[in-house]
Amino acid sequence: MFSIDTLSSAASCRSMARGQILLQRGSDRTCVNYISSGRVALGVLGGAALEHQIGVLEGPCWLDASSVVLGLPHLVDAIADSPVEMCCVALPDFQQAIADMPESAQAVLNDVAMAHRRQTEFAVSRLAKDAEARCAEWLLCHAQQRGSGVMAVELQQRKRSIAAQLGIAPETFSRVLRHLREQSLISGSGRVLNLVNPSGLRSLAGV
């Protein structure tokens, strides 16, 4: 993308000891973190340690810049897995650097960030969520506004394929959809599923 040196000479840097929390899911973004050196473990916290780990980063690299590019909350927690040198770039400086890029480069950056986001969503949902939460999150991610003003998902793939993406059996996927209908969270039994209660689905998905 771009290096921290060319982005901001006023970045605030500090040393982080092994085991320190560097990033938390859903936290407010006041700056964008850059790992100058060291190793960072990514996953889902359980107390002060990672209950589920989905990956490791080695500096130099940006720490979940994709979420910042998309203007979305962080999906993962991050803990220093070794002594880490971390620099913080002010959010306005980071956003301005993106705005100064050519439109074609911005489009590519956004596409890459979205692909990374979807991979991370999938990894987190498989590790930390049960079948109903995974399905609820999948429905929310694929919902589109329809003419009636209701959010809906058109099933463009076979249910077997969708179940494989979610890491569950096709029978489980069908059972979960039936249960969501019984709870009046969704409606419809064909290829179009209406999201009757999006807030309820978000609560179930934990997002």
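Biologist: Which residue stands opposite I79 in β7?
Modeller: A41 stands opposite I79 of β7. This is a predicted model, so read everything that follows as computed from it.

Biologist: And what is the bridge partner of A41 in β5?
Modeller: V56 is the partner of A41 in β5.

Biologist: How many bridges join β4 to β5, and in what sense do they run?
Modeller: There are 8 bridges between β4 and β5 (residues 49-58), and the two run antiparallel.

Biologist: What does G47 do in the hairpin of β4 and β5?
Modeller: G47 takes a positive phi near 80 degrees, in a hairpin with 2 residues between its strands.

Biologist: Where is β6 in its sheet, at an edge or in the middle?
Modeller: The sheet is open, with four strands in the order β1-β8-β3-β6 and antiparallel pairing. β1 (12-16) and β6 (61-62) are the edge strands, each with a single partner, so one side of each has no neighbour in the sheet.

Biologist: How many bridges join β3 to β8?
Modeller: 6 bridges join β3 (residues 31-37) to β8 (residues 84-90), and these strands run antiparallel. One of the paired positions is I35, whose bridge partner in β8 is M86.

Biologist: Which helix lies across β3, β6 and β8?
Modeller: Helix α3, residues 91-99, lies across those strands and runs at about 75 degrees to β8.

Biologist: What about N33, buried or exposed?
Modeller: N33 is in strand β3. With a relative accessible area of 10%, N33 is buried, because buried means under 20%.

Biologist: What does N33 touch, leaving out residues up to four places away in sequence?
Modeller: N33 touches L22, L23, W62, L63, M86, C87 and C88. Among them, M86 is also the bridge partner of I35.

Biologist: Which residues have a positive phi without being glycine?
Modeller: D64 is one of them, with phi about 55 degrees. S184 is another, with phi near 60 degrees.

Biologist: Where do they sit?
Modeller: D64 is in the loop between β6 and α2 (65-70). S184 is in the loop between α7 (170-182) and β11.

Biologist: How accessible are D64 and S184?
Modeller: D64 counts as buried at 12% relative accessibility. S184 counts as partly exposed, at 46%.

Biologist: What does the sheet with β11 look like?
Modeller: It is an open sheet of 4 strands in the order β9-β10-β12-β11, and the pairing is antiparallel. The edge strands are β9 (144-145) and β11 (186-187), each pairing on one side only.

Biologist: Which helix packs on that sheet?
Modeller: Helix α5, residues 131-142, packs there and touches β9, β10, β11 and β12. The direction of α5 makes about 100 degrees with that of β10.

Biologist: How many bridges pair β10 with β12?
Modeller: β10 (residues 151-154) and β12 (residues 192-195) pair over 3 bridges, in the antiparallel sense. E154 stands opposite V192 of β12.

Biologist: What follows β10? Is Q156 buried or exposed?
Modeller: Q156 is in the loop between β10 and α6 (159-166). Q156 is exposed, with a relative accessible area of 66%.

Biologist: How far apart are Q156 and T172?
Modeller: They are 16 residues apart in sequence, and their C-alpha atoms are 19 Å apart in space.

Biologist: Now the whole chain. How many helices and strands?
Modeller: The chain has 8 helices and 12 strands. Its C-alpha atoms fill a box of roughly 55 × 40 × 25 Å along the principal axes.

Biologist: What share of the residues is buried?
Modeller: Of the 207 residues, 40% are buried. The chain exposes about 11000 Å², with carbon and sulfur atoms supplying 48% of that.

Biologist: And how many charged side chains, positive and negative?
Modeller: There are 19 positive and 19 negative side chains, and the centres of the two sets lie 11 Å apart.

Key
Residues are numbered from 1 along each chain as its sequence is written. This is a predicted model: local features need pLDDT of at least 70, side-chain atom pairs count only at pLDDT 80 or more; totals for chains, interfaces and linings use all residues. Side-chain values use heavy atoms; hydrogens and water are left out. Buried means under 20% relative accessible area, exposed over 50%, partly exposed in between (1.4 Å probe, protein chains only). Accessible areas come from the Shrake-Rupley method with a 1.4 Å probe; for residues, only the protein chains shown count as cover. Lys and Arg count as positive and Asp and Glu as negative; His and the chain ends are not counted. The place of a charge is taken as NZ of Lys, CZ of Arg, CG of Asp or CD of Glu. Two strands pair if DSSP finds at least two bridges between them. Contact means heavy atoms within 4.5 Å. Axes are lines fitted to C-alpha atoms, for helices over the stretch in contact, and angles run from 0 to 180 degrees between N-to-C directions.
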